[in-house]
Structures are given as structure tokens and as C-alpha cells.
Amino acid sequence: LLHRAFSVLIFNSKGELLIQKRASTKYHSGGLWTNTCCSHPSPQESIEQAAKRRLKEEMGIEAEPTFTYKFIYKTDLDKNLIEYEVDHVLTAQFDGEPKVNENEVEDWKYVSLKELQRDAQNNPHLYTEWFKLILKHQEIDIL
């Protein structure tokens, strides 16, 4: 079923994007690089509230992500799963080091968008399906 999701993009003051490598133990897309934080809101929870909550839970970052755009996608994932989501993309700024939840995040790094877009194009198997769509979105270039 089509359901709500969100993807948070945290940029530092240099314009670099904070990305995470999902823990290998995740129920899908484990061990793949993706945006700073992503998840689904709980019933009756706004996208903004959920994004703020999960950013703290996954990355140890307190920020106020703001809505940028949304898109719908449907794709096959590993483990015979299908993802069909309205993905709300939110952004915020943060210049520190995250304090990651190791049950969620295996690794992290800040990277320039140009480098990231080039690597995702050359090595698509290293990135989550939704993150590749976000990187292709024309609005990402103006953030």
C-alpha cells in the first residue's frame, strides 16, 4: 500500500551532505549508503515531528528539519520487499559529529553533492533506491 515516509538531508556549513551507511542488520537495504535519516511517521504524527524524532534516535542530532518537496516512488527491494511511498524530503543544517545509534547506522560521512552524485551514478549498487531518486531530483542542486 502507498504510505507516508520521509527522508532528512542534513548539510553542514560547507554545503556537504551528511550521509549514513545503514546497519547491515536492517530489515531491508542493509549496508547501503543513504541520506542522513529516513523512516515513517507514527499514526497521528506529523512528518516534521517524525523527522525530528528519528533524527535524534538514529543520528543523535537535534535539529528542526523543514519540508523541501515530496515524490512518490514504487520499487523492488531486497528480501522480496516492495516499497511504495510518498517520500517527504526535509532539510536542516548541522556542523557537528553525529552520535549514531549503532543498531541503525554502520558508518557516516560528510560528502559534497557533486562527488556523491558522481559516485551514485558509477556505483548505484552501494546506495538505497530512494536516495538515488533524491540525488537525481533537480532541486537537490540548489540546496
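Okay, let's start with T36, which sits in the loop between β3 (33–34) and β4 (37–39). Keep in mind that this is a predicted model.

So, is T36 buried or exposed? With a relative accessible area of 0%, T36 is buried. Its side chain has polar partners, too. One is the backbone nitrogen of I10, reached at 3.0 Å. Another is the backbone oxygen of L18, which lies 2.4 Å from a polar atom of the T36 side chain. And if you leave out residues up to four places away in sequence, T36 touches V8, L9, I10, L17, L18, I19, Q20, L55, E58 and M59.

Now, the cores. The largest nonpolar core has 19 residues, and L9, L17, I19, L116, F131 and I134 have the most contacts inside it. Who supplies it? At least two residues each come from β1 (3–11), β2 (17–22), β5 (66–76), α2 (113–122) and α3 (129–136). The biggest giver is α3, with four residues. There's also a second, separate core of 15 residues, and F6, V8, I10 and V105 are among them.

Last up, cysteines. How many disulfides do we get? The count comes to zero. Take C37: the nearest cysteine sulfur belongs to C38 and is 6.4 Å away, so with a cut-off of 2.5 Å, C37 is in no disulfide. C38 counts as buried at 11% relative accessibility, and C37 counts as buried at 0%.

That's my tour, thanks!

Conventions. Residues are numbered from 1 along each chain as its sequence is written. This is a predicted model: local features need pLDDT of at least 70, side-chain atom pairs count only at pLDDT 80 or more; totals for chains, interfaces and linings use all residues. Side-chain values use heavy atoms; hydrogens and water are left out. Buried means under 20% relative accessible area, exposed over 50%, partly exposed in between (1.4 Å probe, protein chains only). A polar contact is a pair of N or O atoms within 3.5 Å; within protein, one must be able to donate a hydrogen and the other to accept it, and residues adjacent in sequence count only if both atoms are side-chain atoms. Contact means heavy atoms within 4.5 Å. A nonpolar core is a set of buried Ala, Val, Leu, Ile, Met, Phe, Trp, Tyr and Cys residues joined through side-chain atoms within 4.5 Å.
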